[in-house]
Amino acid sequence: RPPAPNPHGFESLDICDYERSFLYKHGRPPGFQHCAAFGDPHIRTFHDDFHTCRVEGSWPLLDNDYLFVQATSSPVAKGSNATVTSKLTIIFKSMKECIDQKVYQAELDNLPAAFQDGSVNGGARPGGSSLVIWERSPGRHVEIRADYIGTTIAVRQAGRQLSFSIRAAEEVAWAFTEEQDLQLCVGGCPHSQRMSRSPRGRGRVPAETAQALCREMLPVEDVYFQSCVFDVVTSGDTNFTMAAHGALEDARLFLPNAEKLHIFQ
């Protein structure tokens, strides 16, 4: 039920609390979108498309009016076609009433619980506390809550890869122009960069072994399970089971529609 009319008008409500102000304006909670990038980059887009990507180098996951997120990938193993995310850069763009511009950067074995300038919130502006970093598990899992745009981001490290998950308000996810057309969270990976998830040739681990390991963490044989098998076979690193499991847990938390949790292709 929407709150009773406010005699002082909207201004006296906290404009740096997106969900609350959206409810006030529209009489209903906002809609949300989920995107994730994990393992040998597997991308789950805002449209619930699912791609496995080659994408070596730096690629934008998001590029809109509020956020810029770039993932940098490098080969998962010497001579391998497959790549993993080794660095993530997240820029929260300045919003005059709420936050100063903040940059968060994670690299392998360095998941800081602070922004690049050492701060843990959105700065000295009135709504500075509407952007905060939480360390969920030291060196393994960091969560960034951006209440001023109704958005939560999780960054994880499992084995030798970083993963990214986001729950973004719809209005934020779609706030971009035609020029900002390359965003893996919106369009998935370009066709030339897509890979098949059926392991070809000789992997570093037999497919049966990888399936047994992945089944322990992921009992439903959906795309998260297939991605896990692909990653373990390709890299020989059993820690990739944790990458797929973490991405599924984030999706469970972030997806507005639980029926869309599992994707079967």
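**A loop residue and the sheet beside it**

Reply: Keep in mind that this is a predicted model. Asp109 counts as exposed, because its relative accessible area is 54% and the cut-off for that label is over 50%. You'll find Asp109 in the loop between β7 (102-107) and β8 (131-137). Its backbone stands out a bit too: Asp109 isn't a glycine, yet its phi is positive, near 65°. Asp48 is another non-glycine residue with a positive phi, about 65°, and Asp48 also sits in a loop, the one between β2 (42-44) and β3 (50-53).

β7 belongs to an open sheet of four strands, ordered β4-β5-β6-β7, with antiparallel pairing. β7 and β4 (57-63) are the edge strands: each has a single partner, so one side of each has no neighbour in the sheet. On average, neighbouring strands here are turned by 20° against each other, ignoring direction.

As a reminder, strands in a sheet pair through backbone hydrogen bonds, in a parallel or antiparallel way. Back in this sheet, look at β5 (residues 67-75) and β6 (residues 83-92), which run antiparallel and pair over nine bridges.

Key: Residues are numbered from 1 along each chain as its sequence is written. This is a predicted model: local features need pLDDT of at least 70, side-chain atom pairs count only at pLDDT 80 or more; totals for chains, interfaces and linings use all residues. Side-chain values use heavy atoms; hydrogens and water are left out. Helices (H or I, at least four residues) and strands (E, at least two) are DSSP runs, numbered from the N terminus. Buried means under 20% relative accessible area, exposed over 50%, partly exposed in between (1.4 Å probe, protein chains only). Two strands pair if DSSP finds at least two bridges between them. Axes are lines fitted to C-alpha atoms, for helices over the stretch in contact, and angles run from 0 to 180 degrees between N-to-C directions.
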